[in-house]
Amino acid sequence: MKNRSTLNIDYTLLSILILLCLISISTLYLMEPNLPPKFDEIHFWLQQTKWYVGGSVVITAIMLIDYDRFHQITWVLYSIGVLSLVMLFLKFPPGIVPEVKGSVSWFQIPVIGTVQPSEFMKIILIMMLAHIIFKHNQKYSDKTMKTDVLLLLKISALAAPPMFFIMTQPDFGTFLVLGAITASMILVSGIRWHILFALFLAAIAAGLLGFAAWIFFPDAVSAFLDKSGFDHVTGRFTGWLNPDKNQDDGYQLIKAMLAIGSGQLIGKGISDMEVDVPEQHTDMIFTSIAEQFGFIGSSIVITLFFLLIYRLIHIALQSNDRYGSYLVTGIIAMFAYQIFQNIGMSVQLLPITGIPLPFLSYGGSSTLSYLLAIGIVLNVHSRTKEYMFEETKWYD
């Protein structure tokens, strides 16, 4: 075995990250003249640059800590994360918990600005589940049906509180991201496949039952969602399925499709945007890229995301430490789901859920959380040991 005295930096992953950073900043800069008048005094590209600079400091700090030490702080971080969500649920303290467009998802902290705990909760949940799965498998080396069910209960018990409080904000998009993270961690946890298959069938049955209820009892389902505070979910589904007949709920989707379609093959050109898409600097930034640079520009962005996920998968498989692989697996699920959901909702493949496009969409909390995730991946890669002779991987 060869130990390294210096950090083994993954320059391929860093290069992809830098390219995405440059695309984000340049896109925000180019769309600035076309943003609504209310944003005239806000330079989103400059703010995003500051977040990337701050994020680079976060990455450096994470790289200096051996990720094995995360075990010591995981429960503390999880407690702080859940407590912050409880505070939002209680709207406490009242002076710094604003309600924005019907959602209570942010702390408005003087000097610091807006902080969205749910973005950081994604990373904390990944760390928590990786910690629990690793410790459980370490303790129960001889797996039985009982130990598998126990692990499944542990994962469910830890994922349930943040998912519940985020759902009540309401933030259905982030709720689905946490669900994707949890599902991916269960898949690699070592639980027997017949248990996983049973869970999959149960999820399919629940989905079909919900869809059937929507088809045959639409009024009852809509009334239930309205009373539960999720009336926006109904609107998003009707706006997605038939935006032309539901133009109030489908307005953003219609505009997004017009912007993407108008870009055609090579785009309209730099800053030449004619379609006013709501939230274009955040959730709908992909439409700006498609309108200005067309199919070719959009394909380049999607290719970069593909290379990002491919590189993350390579690092997860290359790691000879299960805990490191669990961490990277959760991060892969987070990025893969958000990329697919964001671009999918822009082209009417999926309903609009208000999920930002990783590394490209404007946002302080989201950008810092994504860079924190990359810092963890680089940490795992840098401490992956190299062996002189071929070694059996943990997943073999």
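The structure is a predicted model, in which local features need pLDDT of at least 70, side-chain atom pairs count only at pLDDT 80 or more, and totals for chains, interfaces and linings use all residues. Residues are numbered from 1 along each chain as its sequence is written, and side-chain values use heavy atoms, with hydrogens and water left out.

**Confidence**
- Mean pLDDT (the predictor's confidence in each residue, from 0 to 100) is 89 for the chain, with 94% of residues at 70 or more.
- Residues 1-5 stay under 50 in pLDDT, and the model gives them seven contacts (heavy atoms within 4.5 Å) beyond four places in sequence.
- Where pLDDT is low, the predicted coordinates should not be read in detail.

**Nonpolar cores**
- A nonpolar core is a set of buried (under 20% relative accessible area, 1.4 Å probe, protein chains only) Ala, Val, Leu, Ile, Met, Phe, Trp, Tyr and Cys residues joined through side-chain atoms within 4.5 Å.
- The largest such core holds 87 residues, and Leu-327, Phe-335 and Phe-359 have the most contacts inside it.
- Beyond its neighbours within four places in sequence, Leu-327 contacts Tyr-67, Phe-70, Ile-126, Met-127, Ala-130, Ile-376 and Val-380.
- A second, separate core has eight residues, among them Ala-259, Val-275, Val-277 and Ile-352.

How values were computed:
Buried < 20%, exposed > 50% of the residue type's maximum accessible area, 1.4 Å probe, protein only.
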